[in-house]
Amino acid sequence: MLKNTEEFREPTVSTQPIFEGKIISLQVDTVRLPDGNTATREIVRHPGAAAVLALIDDKMLVVEQYRKPMEKFQVEIPAGKLDAGEDPMAAAARELEEETGYRAGKLRPLSAFYTSPGFADEKLYVYIAEELTLGESRPDEDEYLNVSAITFDEAQQYIREERISDAKTVLAVYAWHIYRLTGEI
């Protein structure tokens, strides 16, 4: 059993806004430590995001795009940030269609996790898309994507090559692996 860790809570003494951007904001909080001393915490605020594991004929829909922070192309499952007040499942449906052109007749939650809890509050919701029908893609005006459907073997190879190296897509590949073994996710 876990110990009561409430005694380790860090109450905020003050907050200094540093940057307010289109997607994220940055603040520096001064916190009170359990021993009475203070420390600073750099915190990135993010509205959250939603992603979709979509399988068609035992292939996973992915998008490949250039990721400036890493200075390389990445293969990822469709995903995007939540708009203010947007339901994560609605965002997942929107992003799937915008990025790939596919609509999901049904979405089921797979997982939700914090991407980097040491410094950011971004929570990412991952859904499984079912009953897919092809429509028309409508990527954002600053989004340049290659859409494809990859095999499980290709996904594993892309992980080894670090063409897939983001947590949401790695999680999706492992969930797909479980599905292939058990028939259930």
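Student: What makes the approach of the lysine 168 side chain to the side chain of glutamate 76 a polar contact?

Tutor: A polar contact is a pair of N or O atoms within 3.5 Å; within protein, one atom must be able to donate a hydrogen and the other to accept it, and residues adjacent in sequence count only if both atoms are side-chain atoms. The side chains of lysine 168 and glutamate 76 make such a pair at 2.9 Å, and the distance therefore lies within 3.5 Å. The model is predicted, and local features need pLDDT of at least 70, side-chain atom pairs count only at pLDDT 80 or more, and totals for chains, interfaces and linings use all residues. Residues are numbered from 1 along each chain as its sequence is written, and side-chain values use heavy atoms, with hydrogens and water left out.

Student: Why is lysine 168 called buried?

Tutor: Buried means under 20% relative accessible area, exposed means over 50%, and partly exposed lies in between (1.4 Å probe, protein chains only). Lysine 168 has a relative accessibility of 10%, so it counts as buried. Its place is in helix H3, where the buried residues also include Thr169, Val170 and Trp176.

Student: Which residues does lysine 168 touch, leaving out those up to four places away in sequence?

Tutor: Contact means heavy atoms within 4.5 Å. On that basis lysine 168 touches Ala51, Glu76, Ile77, Ala79, Phe113 and Leu124.

Student: How do you know that the length of H3 agrees with its number of residues?

Tutor: Helices (H or I, at least four residues) and strands (E, at least two) are DSSP runs, numbered from the N terminus. The expected span of a helix is 1.5 Å times one less than its number of residues. For the 16 residues of H3 this gives 22 Å, and the end C-alpha atoms are 22 Å apart, so the two values agree. After H3 comes glycine 183, with a positive phi near 80°.

Student: Is glutamate 97 buried or exposed?

Tutor: Its relative accessibility is 16%, so glutamate 97 is buried. Glutamate 97 belongs to H1, residues 88–100. Beyond its neighbours within four places in sequence, glutamate 97 is in contact with Tyr102, Arg103, Glu136, Ser137 and Arg138. The buried residues of H1 pack against several strands, including S4 (49–56), S8 (102–114) and S9 (123–134).

Student: What makes the phi of aspartate 57 worth noting?

Tutor: Aspartate 57 is not a glycine, yet its phi is positive, about 50°. Aspartate 57 sits in the loop between S4 and S5, and its 73% relative accessibility is why it counts as exposed. Glutamate 131, in strand S9, is another residue other than glycine with a positive phi, near 55°. Its relative accessible area is 57%, so glutamate 131 is exposed.

Student: What volume does the largest pocket have?

Tutor: Its volume is about 1,400 Å³. Of the 37 lining residues, Ile23, His46, Arg67, Glu76 and Glu122 are the closest to its centre. On a 1 Å grid over the protein atoms alone, a pocket is an open set of points where a 1.4 Å probe fits, with protein on both sides within 12 Å along at least five of seven lines; lining residues have an atom within 4 Å of a point. Grid points are joined across faces, edges and corners, and a volume is the space filled by probe spheres set on the points.

Student: How do the residues of the lining of the second largest pocket divide by class?

Tutor: Ala, Val, Leu, Ile, Met, Phe, Trp, Tyr, Cys and Pro count as nonpolar, Asp, Glu, Lys and Arg as charged, and the others, Gly among them, as polar. The lining of the second largest pocket has six nonpolar, no polar and three charged residues. Among them are Leu55, Arg108 and Tyr179, and S9 gives the most, with five residues.
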